[in-house]
Amino acid sequence: MSIAAVAPPVLRMTGVSKSFGATRALDDVSFELARGEVHALIGENGAGKSTMMKILSGALAPDAGRMEIDGRPYAPGGPGDGLRCGVSMIYQELNLAPHLTVEENIMLGREVHTAGWLDRRAMSAKVREVLALVHHPEISPDARVGRLSVGAKQLVEIARALINRSRILVMDEPTSSLTQEDSQRLFELIRSLRDQGVSVIYISHFLEEIQRVADTYTVLRDGLSVGSGTMAGTPLEDIIQLMVGRKFTQLFPRIEHAVGEEILSLHRLKGTRMAAPVSLTLARGEILGLAGLIGSGRTEMLRTLFGLDAVTGGTIVVSGEELSGRKPWTRIGHGLGLLSEDRQGEGLATSLSIADNVTLSRFGPYRRHGLLSPARQRRAVADWIGKLKIKAKGPGQKVGDLSGGNQQKVALARLLHQQASVLLLDEPTRGIDVVSKSQIYEWIGGLAREGKAVLFVSSYLPELLGICDRIAVFHRGVLVEARPTADWDAAGLMAAATVGRTSRDKPMEQRNAE
Amino acid sequence: MSRPRRSGISRALNFFGPFIGLLLVIALFALIPEVQGRFLRGANFKSVATQSVIVALGALGMTLVIIGGGIDLSAASNIALASVITAYAVNAGVSPLLALLLGVLTGGVVGMINGRLVTKLRLVPFIVTMGMMGIARGAAKWIAGNQKIDAPMTWVNELMAKNPRPSWLLLAPGVWIVILFAVAMAVLLKYTVFGRHIFAVGSNEATARLSGIRTNRVKIAVYAVSGLFCGLSGVMEFSRLTVGDPTVAVGLELDIIAAVVIGGGSLSGGEGSILGTMVGVLIMSFLRNGCTMMGWPNYIQEIIIGAIIIVAVTVDRLRHRAE
């Protein structure tokens with residue numbers, strides 16, 4: 001019948017186990033990957049996906065079990081071995097050297113040279129070729145990677161794997177920072193790679209996306225492989241149930257909240273990195289979503305509002321008081337709090353403890369006569385760990401050791417601990433599992449119920465439609481329109497974000513210009 | 001949230017970790033018959049302690065700077081400048097206490113300038129303080145007229161007396177000053193908001209700014225504190241030499257940095273401790289002392305200390321990984 005039944009799978013993992021101390025991260029997991037298939041690996045944060053992929057790449061050695069590639073035993077001694085055997089990883093947290101150019105990054109470790117002299121021309125050609133292959137020929141090979149957007153950085157990572165001619169490509173949350181359009185292109189790319197015989201292990205929390213791109217799936221839960229099968233014909237509800245081990249009720253919990261009086265108003269706010277002035281208002285108990293493509297100016301607006309970028313024009317009024325200057329600490333004093341989109345780079349001090357990270361913006365309660373009490377600090381944070389269901393050993397644990405979803409909870413705990421009354425959340429659910437997401441939606445709803453105001457930036461339309469009271473759309477730095485959520489649908493938001501006009505077909509620049 | 005109890009041994013290892021290197025160095029010389037007798041005497045420990053004062057004071061400030069993600073290459077020049085200013089003031093007939101304060105303040109001002117340059121010009125600390133290294137050294141030579149400044153003996157000179165005058169002090173007043181400030185700085189780092197902010201800035205400056213920490217202010221304060229300690233160290237240098245010598249302490253900044261690094265400080269910021277630094281200072285002092293007693297030439301000491309730095313940092317990394 002099919003050749004796949006005869007040919008050995010590209011990758012076979014049998015009875016793989018791995019423990020860290022008392023925690024069993026992987027327990028007797030078996031896994032098969034056929035040539036030219038896209039296999040989705042699904043599971044909550046901490047289910048064992050990362051451990052499994054680290055073992056595959058050679059970054060970790062399994063305690064027990066065997067692996068085969070093309071029927072030959074495969075026991076990598078380190079990530080270098082994995083790479084040589086054709087296994088390439090594209091990590092969720094980008095692994096690029098910010099000071100080097102796109103070309104230097106892509107060719108890193110695979111430089112074309114003659115007796116040590118770099119062959120720039122040959123490398124440039126290869127890089128252009130591979131950038132065209134990821135459908136982004138416009139990314140300049142000479143651009144500094146540090147200057148690129150997160151989305152572009154991810155494409156550079158994918159390009160780097162492609163140049164390695166890998167036969168097994170592991171993609172960990174590849175679309176978490178891509179726009180819908182870029183994701184679409186990525187799926188096309190994945191399909192064309194698959195048709196060329198490349199096998200892809202695809203890890204994502206976006207189940208709709210998995211349904212579109214994957215041929216087969218395997219679900220991990222608490223280190224066990226709890227189910228696998230073909231994607232076609234499997235309803236999403238079944239997969240979610242496998243993931244959480246119980247019936248999953250509602251992704252977007254509706255928390256009743258009442259919209260109160262106005263607390264924040266921006267009038268023609270302009271900042272150094274903002275393309276156009278922005279006016280908007282926000283009320284207590286209101287969740288205002290900000291939709292738009294990556295780079296459409298939402299992050300820049302939040303940063304200007306929070307005083308991280310200089311204000312060059314317009315006014316910010318919070319609770320009737322006009323703010324000025326460029327000082328994040330005064331913004332905090334006025335009750336603003338910002339959750340950064342860049343969790344690793346900016347959001348958290350990963351080498352410090354959970355306790356320090358949570359209390360960083362408000363040490364006051366733990367200070368007496370100028371001295372801090374670490375004990376009281378830890379006790380208070382232990383409460384937050386319980387309240388936010390953060391999976392951690394205790395308040396003293398380093399934030400860098402936590403999984404992505406738990407790190408995000410720590411970052412959020414800081415805002416809550418800070419008692420901010422206007423929360424500026426920049427992509428708060430990026431790259432975290434569906435259960436953590438649902439919890440975060442619940443807290444956002446709860447905060448609104450307490451009378452706090454939330455500005456919620458997201459590139460994931462279903463969540464904006466699911467939890468916001470109003471949604472505004474950014475297009476090339478211009479705020480297109482803020483309308484009640486009931487007046488929007490996904491297509492309308494997409495249209496506004498991509499072409500800068502609403503479905504009513506009015507060019508919004510006019511309406512915004514007053 | 002209960003925290004899994006670590007075994008007693010691993011906890012003990014963590015606590016005594018920094019001391020192991022020190023004990024090894026002391027044990028090494030204590031086991032060599034030729035020097036055993038002289039090395040293990042109380043008088044020798046006293047003199048090692050006194051010899052450590054100048055580096056130790058500089059290293060206290062440097063620990064803060066390095067935890068905050070910076071570096072202060074101007075430390076040694078700053079020490080020389082402060083010693084010259086102190087001598088100049090004593091010579092000019094001001095009271096010894098005022099002279100001492102002037103010396104300390106000079107250091108503080110230099111540190112403050114470092115901090116302001118780093119934050120306002122947004123330059124890398126390495127560059128700013130390297131520039132200041134030359135400026136402070138030059139200023140010291142200029143003020144001293146390119147020679148040593150002699151000054152009359154005052155009580156300031158007794159700060160570094162190996163056998164202190166009220167003999168119940170046991171150790172030179174300078175040593176007690178170091179101990180006092182070491183405790184104060186350890187408390188500052190662990191128990192004050194300023195201390196937490198230093199760690200935060202060194203660990204991730206962007207996060208610190210986002211959390212409302214006035215990162216520039218923290219950095220300026222850290223360099224100023226480092227400068228004040230260099231000033232105090234300069235006063236001790238003057239006390240020891242009884243003259244203000246603008247050419248003193250050349251290259252000492254590297255010893256100071258080495259002490260912090262041996263003690264577990266990370267040059268990429270966010271890590272380090274006062275206890276570790278003090279142990280680092282003592283390791284180097286005992287090595288110098290032991291090598292001198294053995295009659296080993298200077299170059300042997302240099303090679304050993306160089307190797308110790310690399311070994312110490314490697315061990316520290318391994319300890320971290322094991323955690």
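Guide: Let us begin with a definition: two strands are said to pair if DSSP finds at least two bridges between them. Please note also that this is a predicted model.

Visitor: In what sense do strand β23 and β24(A) of chain A pair, and over how many bridges?

Guide: Strand β23 of chain A, residues 470-475, pairs with β24(A) in the antiparallel sense, over six bridges. One bridge joins A:I471 to its partner A:R483 in β24(A). Another joins A:A472 to A:A482.

Visitor: Which way do the side chains of a strand point?

Guide: In a regular strand they alternate between the two faces of the sheet.

Visitor: In what order do the six strands of the open sheet in chain A lie?

Guide: The order is β18-β21-β22-β15-β23-β24 in chain A, and the pairing is mixed. Because β18 (336-339) and β24 (478-484) of chain A each have a single partner strand, they stand at the edges, and one side of each is left without a neighbour in the sheet. From one strand to the next, the twist averages 15°.

Visitor: Let us turn to burial. How many residues of helix α1 of chain A are buried?

Guide: Nine of the nine residues of α1(A), 49-57, are buried, and the helix is mostly covered. Among them are A:K49, A:M52, A:I55 and A:L56. Just after this helix, A:G58 takes a positive phi of about 95°.

Visitor: Why does B:V225 count as buried?

Guide: A residue is buried if 20 or more other C-beta atoms lie within 10 Å of its own. B:V225 has 24 C-beta neighbours inside 10 Å, and therefore counts as buried. This residue is found in helix α10 of chain B, residues 215-241. Leaving aside neighbours within four places in sequence, B:V225 is in contact with B:G61, B:L64 and B:G111. By contrast, the C-alpha atoms of B:V225 and B:A206, 19 residues apart along the chain, are separated by 23 Å.

Visitor: Which residues touch the most other members of the largest nonpolar core?

Guide: The general idea is that in soluble globular proteins, nonpolar side chains tend to be buried together. Here the largest nonpolar core has 162 residues, and those touching the most other members are A:V422, A:L424, A:I444, A:V454, A:L455 and A:F456. This core draws at least three residues from each of domain 2 (249-335 + 420-514) and domain 3 (353-418) of chain A. Another core, of 63 residues, lies apart from it and includes A:L56 and A:Y217.

Visitor: At what angle do helix α7 and helix α12 of chain B pack?

Guide: Helix α7 (173-191) and helix α12 (274-294) of chain B pack at about 145°, with their axes 9 Å apart. B:A182, B:M185, B:A186 and B:L189 in α7(B) meet B:I274, B:L275 and B:M278 in α12(B). By class, this contact has seven nonpolar, no polar and no charged residues.

Visitor: How many residues does the contact take from chain A and from chain B?

Guide: The contact takes 31 residues from chain A and 22 residues from chain B. On the side of chain A that touches chain B, α13(A) gives the most, with four residues. By class, that side has 16 nonpolar, ten polar and five charged residues.

Conventions
Residues numbered from 1 in each chain as written. Chains lettered and ligands numbered in written order. Predicted model: local features only at pLDDT ≥ 70, side-chain atom pairs only at ≥ 80, totals over all residues. Helix = DSSP H or I, 4+ residues; strand = E, 2+ residues; numbered from the N terminus. Axes fitted to C-alpha atoms, helices over the stretch in contact; angles between N-to-C directions. Contact = placed C-beta atoms within 7 Å. Nonpolar A, V, L, I, M, F, W, Y, C, P; charged D, E, K, R; others polar. Buried ≥ 20, exposed ≤ 12 C-beta atoms within 10 Å, placed from the backbone. Core = buried A, V, L, I, M, F, W, Y, C linked by C-beta atoms within 7 Å. Domains from an automatic or database assignment.
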